[in-house]
Amino acid sequence: NYEPIATICQYVHPEYGVLDNFISKMTGIHNDQIKHAPVIQEALQRLLDWIGDREYQVFAWSNTDYQQLKHEIRSKKIAAPQIDEFMNPDRWTDYQRTFDLRYGFNRNVGLADALDLCEIEPDGHFHDGLDDAWNTARLIEKLEKNPNYKLIYRERQEQEDSQPLKVRLGELFEGLNLQLG
């Protein structure tokens with residue numbers, strides 16, 4: 001019913017290397033925050049224990065989280081039935097793709113732009129997992145509760161397109177200072 005029931009946020013300790021500066025700046029996560037975090041298999045198991053026996057569907061903004069998890073699981077040879085079920089592609093919905101198809105975009109619209117187009121003030125820090133999840137949930141709620149919602153720029157564009165052009169040639173050259181030399 002689009003009501004939050006709980007949240008979970010956990011960092012994952014990289015088994016190889018450290019976070020580089022670019023990732024730290026983008027996500028706001030620093031190496032001291034992940035130094036004692038669980039490795040990926042343990043973090044996934046904690047997530048699945050937290051989900052428990054509830055029915056669930058995973059919604060994400062883009063397919064990158066799914067692809068990264070799939071890559072990590074494969075490269076680290078993680079094998080567990082619960083994790084395999086979690087990674088079932090039928091459980092995952094790429095809401096960015098849903099948004100792009102719904103509004104006819106031929107490129108991927110970023111979460112920040114989608115929120116802006118839907119007149120939703122973002123919460124938190126972009127590229128923070130929990131904040132992105134929360135903002136994605138708010139966007140999904142708005143659009144699913146309002147199936148006929150029109151994006152603000154599309155509505156403005158439709159209004160502008162319906163108005164005839166009223167420009168005089170002289171107005172196009174107004175203020176132009178040409179000097180012949």
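A: Buried residues (under 20% relative accessible area, with exposed over 50% and partly exposed in between; 1.4 Å probe, protein chains only) make up 29% of the 181 residues in the protein chain. This is a predicted model: local features need pLDDT of at least 70, side-chain atom pairs count only at pLDDT 80 or more, and totals for chains, interfaces and linings use all residues. Residues are numbered from 1 along each chain as its sequence is written, and side-chain values use heavy atoms, leaving out hydrogens and water.

The chain holds 10 helices and 2 strands. Helices (H or I, at least four residues) and strands (E, at least two) are DSSP runs, numbered from the N terminus.

Now the part itself: helix α8. Helix α8 covers residues 129-145, 17 residues in total. From first C-alpha to last, α8 reaches 24 Å. That is close to the 24 Å expected at 1.5 Å a residue, where the expected span is 1.5 Å times one less than the number of residues.

Asp132, Asn135, Thr136, Leu139, Ile140 and Leu143 are buried in α8. Seen down the axis, the buried residues of α8 fall within an arc of 140°, so they line one face of the helix. The arc is that of the directions from the helix axis to the C-beta atoms. An α-helix has 3.6 residues a turn, so residues three or four places apart point the same way.

What covers these buried residues includes β1 (58-60), α6 and α7 (111-117); contact means heavy atoms within 4.5 Å.

At the N-terminal end, aspartate 128 caps α8. A side-chain oxygen of aspartate 128 lies 3.1 Å from the backbone nitrogen of leucine 130.

Terms used:
A polar contact is a pair of N or O atoms within 3.5 Å; within protein, one must be able to donate a hydrogen and the other to accept it, and residues adjacent in sequence count only if both atoms are side-chain atoms.
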